[in-house]
Amino acid sequence: MYKSYYGMNTNPFIKEETNKYPFESNDYNEVINRLNYIKEINGIGIFYGENGLGKTYVIKSFIDSLNKDLYKIIYINSKLNSTVFDFLNNIAKELDLDTGNCYKTELTDNIQKEIIRIVTQEKMKVIVIIDDAHLLKREILLNLKILYDFEINTKDYVTLVLVGQEELKIELSKPIHNSLKQRINTNYKLNGLSRKEVKEYISTRLEIVNSNKEIFTEEALNTLYSCSKSSIRRLNTLIINCLMLGSQIDKPVIDEEIVKLAKGEMDLK
């Protein structure tokens with residue numbers, strides 16, 4: 001109902017639609033530029049920030065931009081890795097290896113051999129992306145060396161991307177991780193949308209669905225920025241709530257009060 005009320009042919013603020021048309025915020029461009037840099041040098045990049053700032057969104061946009069004939073992408077979610085063997089096993093599966101009853105040393109050896117084969121014979125670059133990396137246990141972080149420490153060769157075979165919350169950087173700053181820390185080429189903290197970007201984001205999303213109405217007052221836009229706390233995820237939810245509330249009470253233009261009501265429906269006391 002609210003879509004037709006505000007002259008929209010679809011909802012541009014739901015996940016399916018936002019993924020189709022990436023908003024190139026400062027964070028987005030900074031992360032993409034760094035990802036393109038480390039993929040050229042087979043480097044290591046760390047990207048961290050609070051929940052809802054768009055980390056996974058940018059990473060998936062980067063993956064979608066790559067030629068799958070030239071890049072072998074291994075995407076690992078840390079939530080599925082409770083042990084070192086789970087982690088190795090998941091990488092092996094992504095490489096289409098038969099893990100069978102392999103021991104850890106054999107599994108490690110097979111992974112490295114397959115990566116070398118992909119790089120040298122298939123002429124592809126290998127990119128390993130670990131999402132929610134702040135959830136990785138210390139033992140797993142220490143075993144990441146199999147992706148950058150190939151004893152038979154000093155060549156770098158893998159681009160390694162670690163994505164997570166700030167706890168990731170705190171953990172990696174500890175002396176026990178010096179081997180990995182010394183190899184990091186770039187680390188970037190996402191800060192979320194600025195006040196100006198919130199306004200630009202809303203404007204561009206509405207243009208995508210051919211809505212030329214001025215739906216939000218200037219005060220409403222400022223309040224959306226304050227209430228969203230720079231989180232694009234929270235902003236999308238706020239906007240959808242505003243649109244539903246506005247249509248229910250017959251408000252063709254959403255003001256500051258509706259934004260506050262929408263925020264109240266989201267917050268748990």
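**Exercise 1. Helices H11 and H12**

How close do the axes of helix H11 (residues 218–228) and helix H12 (residues 232–248) come, and at roughly what angle do they cross? Work out the orientation class, the handedness and the residues that meet.

*Solution.* Keep in mind that we're working on a predicted model.

Step 1: The axes of H11 and H12 come within 9 Å, with a crossing angle of roughly 135 degrees.

Step 2: classify the angle. The perpendicular class runs from 65 to 115 degrees and the antiparallel one starts over 145. H11 and H12 are therefore oblique to each other.

Step 3: get the hand. H11 passes H12 in a right-handed crossing.

Step 4: list who meets whom. From H11 come Leu224, Cys227 and Ser228, and they meet Arg234, Leu235, Leu238, Ile239 and Cys242 in H12. Sorted by class, the contact of H11 with H12 gives six nonpolar residues, one polar and one charged.

**Exercise 2. The other neighbour of H11**

Describe the crossing of helix H10 with H11 and list the residues involved.

*Solution.* Step 1: H10 covers residues 195–208, and its axis comes within 9 Å of the H11 axis, crossing at roughly 115 degrees.

Step 1: the hand is right-handed as H10 passes H11.

Step 2: on the H10 side we find Arg195, Val198, Lys199 and Ile202, and these meet Glu218, Leu221, Asn222, Leu224, Tyr225 and Ser228 of H11. By class, that contact holds five nonpolar, two polar and three charged residues.

Step 3: compare the lists. Leu224 and Ser228 of H11 turn up in the contact with H10, and Leu224 and Ser228 are also listed in the contact with H12.

**Exercise 3. H3 on H4, and a ring pair**

Characterise the crossing of H3 and H4, then classify the ring pair of Tyr28 and Tyr57.

*Solution.* Step 1: helix H3 (residues 26–41) and helix H4 (residues 55–65) have axes that come within 10 Å and cross at roughly 45 degrees. That makes H3 oblique to H4. The crossing of H3 and H4 is right-handed.

Step 1: H3 brings Tyr28, Val31, Ile32, Leu35, Asn36 and Lys39 to the contact, while H4 brings Tyr57, Val58, Ile59, Ser61 and Phe62. The class count for H3 with H4 is eight nonpolar, two polar and one charged.

Step 2: on to the rings. Searching the whole structure turns up five aromatic pairs. For Tyr28 and Tyr57, the ring centres are 6.4 Å apart and the planes sit at 55 degrees, so the pair is tilted. This pair links distant parts of the chain, with Tyr28 in helix H3 and Tyr57 in helix H4, 29 residues apart. Tyr28 and Tyr57 are both buried.

Step 3: look elsewhere for linked rings. Phe13, Phe23 and Tyr201 are joined into a cluster by ring pairs.

**Exercise 4. Zooming out**

How many helices and strands does the protein chain have, and what percentage of its residues count as buried?

*Solution.* Step 1: count the elements, which gives 13 helices and five strands.

Step 1: of the 269 residues, 50% count as buried.

Step 2: take the box. Along the principal axes, the C-alpha atoms fill roughly 70 × 40 × 35 Å.

Step 3: check contact range. Among contacts between residues at least 6 apart in sequence, 73% join residues at least 24 apart.

Methods. Residues are numbered from 1 along each chain as its sequence is written. This is a predicted model: local features need pLDDT of at least 70, side-chain atom pairs count only at pLDDT 80 or more; totals for chains, interfaces and linings use all residues. Side-chain values use heavy atoms; hydrogens and water are left out. Axes are lines fitted to C-alpha atoms, for helices over the stretch in contact, and angles run from 0 to 180 degrees between N-to-C directions. Helices (H or I, at least four residues) and strands (E, at least two) are DSSP runs, numbered from the N terminus. Angles under 35 degrees count as roughly parallel, over 145 as roughly antiparallel, 65 to 115 as roughly perpendicular and the rest as oblique. A crossing is left-handed if the near helix is turned anticlockwise from the far one by less than a right angle, and right-handed if clockwise. Contact means heavy atoms within 4.5 Å. Ala, Val, Leu, Ile, Met, Phe, Trp, Tyr, Cys and Pro count as nonpolar, Asp, Glu, Lys and Arg as charged, and the others, Gly among them, as polar. Rings of Phe, Tyr and Trp (its six-membered ring) pair if their centres lie within 6.5 Å; planes under 30 degrees apart count as stacked, over 60 as edge-to-face and the rest as tilted. Buried means under 20% relative accessible area, exposed over 50%, partly exposed in between (1.4 Å probe, protein chains only).
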